[in-house]
Amino acid sequence: MKKILLSLLMICGVSAVCFAQNPMPGLAAAPSIMVIPSDSWCSQNGFLKSQVINGVEHYEPEYRKALLSSPELKMAISTVNRLMTKQGFNLVDLESTLKTIETEAVENSVTTSSSGAMINESPREALARVARADLIFEITWNVNKVGPQSSVQWTLRALDSYSLKEVASAGSTSAKSIGIELSVLLEESIASNMPAFLELLQGYFTQLKTLGREISLEIRIWDNAGFNFESDFEDDELGYFIKQWVKRNAIGGTTTPSLSSPNVLKYSNIRIPNVDAEGYQMTASDWIHKLSRRLKKAPSVGGVTEYNKGLGTIILILGQK
């Protein structure tokens, strides 16, 4: 068993050298990750709470409680961190990020839009925004026991930290063994599936370089603003001016709003550069800054309120509430 593990880790070590010499495209530096437990694992282990917001039941993982209560979770996160460090990834610590979120109280920052809908930032969105990792890794595992033998069934998903969409996944069941620690079983099984997983990640980062990051944009108007998107703005209508700005500044001309009305504009598939002209990571808030600033200066708009949901969703509300 130990010989097999050493052989697998040697293979991973060779891969790490390759990634260190050939950084993944689309990024200014080595990619960063943050490992979290999946919602499924949280639910199975009693770390998923429910609450009703505007008559709709929502489920939120209790990451802090899980870290304090489950030694196995810390072990699983450490195992994935250790393996990904060997591949040249930078790590963002979940526990430190949660402490920062608690200090800023970002999970409690709530407001009401002109339609009366709540603008909430989910725990996962808050993690993405504060951590600013390139990827979020979700880990799920179950220990199977048959007599004295044990095996571990696991799934690892890589999520884009902007869109929170899955970009790569792997999963397997370790070989059955007697008396082998869970961390060893998990590390051995993940390591054996690492080449295929890394290939998927390589394709994702190549796509980033070509297509950019995917973000969402929502622009609303307060109901007492006295204007809407059909109102005059400079030499055109306000809504048309915004649509043209998005068209000129998005990658690939992906500019069709998923919702367009006199008081709401929504885009769900805008592509923006991953890094700015100076090589720094660009967020949705960074990308929209010039438009937001221009609208703020316009007397006819009368103010712009900006809200962030994670790294990849930006909400602007125009007018004075």
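Buried residues are those under 20% relative accessible area, exposed residues are over 50%, and partly exposed residues fall in between (1.4 Å probe, protein chains only). The structure is a predicted model, in which local features need pLDDT of at least 70, side-chain atom pairs count only at pLDDT 80 or more, and totals for chains, interfaces and linings use all residues. Residues are numbered from 1 along each chain as its sequence is written, and side-chain values use heavy atoms, with hydrogens and water left out.

Side chains of opposite charge can pair when their charged atoms come close. A salt bridge is counted when a side-chain nitrogen of Lys or Arg is within 4 Å of a carboxyl oxygen of Asp or Glu. The structure holds 15 of these salt bridges.

One of them joins glutamate 138 to arginine 124, at 2.8 Å from N to O. Glutamate 138 belongs to strand 7 (residues 135–146) and arginine 124 to helix 6 (residues 123–131), so this pair ties together parts that are 14 residues apart in sequence. Helices (H or I, at least four residues) and strands (E, at least two) are DSSP runs, numbered from the N terminus. Glutamate 138 is buried, with 4% relative accessibility. Arginine 124 is also buried, at 17%.

A salt bridge also forms between arginine 157 and glutamate 138, at 2.6 Å from N to O. Here the linked parts of the chain are distant: arginine 157 is in strand 8 (residues 149–160), glutamate 138 is in strand 7, and the two are 19 residues apart. Arginine 157 is partly exposed, with a relative accessible area of 27%. Its side chain also meets that of glutamate 166 in a salt bridge of 2.6 Å, N to O. Glutamate 166 is partly exposed, at 42%. Through shared partners, salt bridges join Asp39, Arg124, Glu138, Arg157 and Glu166 into one network.

Helix 9 was examined next. Helix 9 spans residues 238–249 and has 12 residues. From first C-alpha to last it reaches 17 Å, close to the expected 16 Å. The expected span is 1.5 Å times one less than the number of residues. Buried residues in helix 9 are Leu238, Gly239, Phe241, Ile242, Trp245 and Val246. They cover an arc of only 165 degrees around the axis, so they lie on the same side of helix 9. The arc is taken from the directions from the helix axis to the C-beta atoms.

The buried residues of helix 9 pack against several elements, including strand 10 (213–221), strand 14 (264–272) and helix 10 (284–297). Contact here means heavy atoms within 4.5 Å.
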